[in-house]
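Visitor: I would like to learn how to read the pockets of a model. Please take me through them in turn.

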Amino acid sequence: MSLTIKLQLNNISTSSITCLNLNPSTKKIHKGPNFIVSKPIYHSNLLTPYVFHQKITPLKQMSSIKSSLIDPDGGSLVDLVVPEAQRAVKASEAESLPKVKLTKIDFEWVHVISEGWANPLKGFMRENEYLQSLHFNSLKMEDGSVVNMSLPIVLAIDDDAKQTIGSSPDVALLGPNQDLVAILRRVEIYKHNKEERIARTWGTVAPGLPYVEEVITPAGNWLIGGDLEVLKPIKYNDGLDHYRLSPQQLRKEFDRRQADAVFAFQLRNPVHNGHALLMNDTRRRLLEMGYKNPILLLHPLGGYTKADDVPLDVRMEQHSKVLEDGVLDPETTIVAIFPSPMHYAGPTEVQWHAKARINAGANFYIVGRDPAGMGHPTEKRDLYDPDHGKKVLSMAPGLEKLNILPFKVAAYDTVEKKMAFFDPSRAKDFLFISGTKMRTFARTGENPPDGFMCPSGWQVLVKYYESLQAEEEVSQKSAVLSS
């Protein structure tokens, strides 16, 4: 099966998009120069040498096939952070307003909205936006155009908070640490029909959906929408803030590197050699199409994930090893954290993941098997059809300007002893190692097959699960002693 790439050229209307069918082939992974100091990524920015000292190709040498960075959804990128000169006045005003407490995940959504990832959204959704998102997966703009918005981005409140707000047009938002985070202007309060929201977003109301259990079930029965004014840039002070590049910062970096194509790869798992094969092969294809400087945006999800997923700091350290070992080339890769929480909502959520990367400037988006999917919470099967994510992306309203790159499935070739594209003609030679199976290997101390992941990256995972096991043993001993 060929890989279909929709190529949208500069100054060419969407009615004249050229479709190219390219035969997939494997590529030996290039071992790039190793300038990265071997220490945890969260102690220093290991990609700094490539951000500030990369050799730039002069514009006059760029191909005429150059593709400008894709325009943000719905116009200019919003920036909802209050200018520094106004922060003291705004903070003083916020002190006098009725207050709504944010959960950790609400705080992550404030971050997402404030930087323009959900452009053109300027705050938590009011009811008309919520209904459009829930039922149409999109928002209709004043000029009649449509932007994709497949996930409702809303703030829930309970009866007590609703009563406290009363008729006030504005409210202050308190962070998880009780600090003033933002002002929500011209608020609108409306009913939170949880069952409708869950059914429309996940296609099921089966018990055990992670985001539902964590966020929606315990939430209040009201939603409050309004325009956000964020009192200062969102920081987590976890040693990873320098990787949380906003859409504006990413666009500036793509311009600085004179990228003529940007292809984004979304993930919430450690990077194995199958992922690297897909990313390196995508770059090879873009070069064959005539691009001179395609840049990879390796964009791990940094918001809420379910309890058994590998934590963000461990994943970021593992990613650094992949770059140190040259499995991915740091000179043509930008690693940044995507701050969104994870819904595990399959074809509905993958639209959000793609749309957000448009706002960051990516004009190509890699999509594979079962994006944003998970196992059914009560039955032994996938919750979604594994192929529906990439099919939906190719048809989704508002995503027409994004070039979707569906890839063939990569698996471990037991004959060649490396990750390779699956060949149905010799299916028995391939071993599929899921994210769950990979985590099981690391947790039990069993090594994966040689060639599955770079050894230094694998050791990061092993050490993490060893530390978890040690903590569990200490906890069990303490429980026995206390009894």
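Visitor: What volume does the largest pocket have?

Guide: A pocket is an open set of points on a 1 Å grid over the protein atoms alone, where a 1.4 Å probe fits, with protein on both sides within 12 Å along at least five of seven lines. Points are joined across faces, edges and corners, and the volume is the space filled by probe spheres set on them. Here the largest pocket has about 1300 Å³. This is a predicted model, in which local features need pLDDT of at least 70, side-chain atom pairs count only at pLDDT 80 or more, and totals for chains, interfaces and linings use all residues. Residues are numbered from 1 along each chain as its sequence is written, and side-chain values use heavy atoms, without hydrogens and water.

Visitor: Which residues lie nearest the centre of the largest pocket?

Guide: Lining residues have an atom within 4 Å of a point. There are 46 of them in the largest pocket, and Asn269, Arg369, Asp370, Ser434 and Gly435 lie nearest its centre.

Visitor: Which helix gives the most to this lining?

Guide: Helices (H or I, at least four residues) are DSSP runs, numbered from the N terminus. Helix 13 gives the most, six residues; helix 13 spans 435–444.

Visitor: How much space lies in the second largest pocket?

Guide: About 850 Å³. Its lining has 36 residues, with Thr103, Lys104, Ile105, Asp106 and Glu214 closest to the centre.

Visitor: Which helix gives the most there?

Guide: Helix 3, with five residues.

Terms used
Helices (H or I, at least four residues) and strands (E, at least two) are DSSP runs, numbered from the N terminus.
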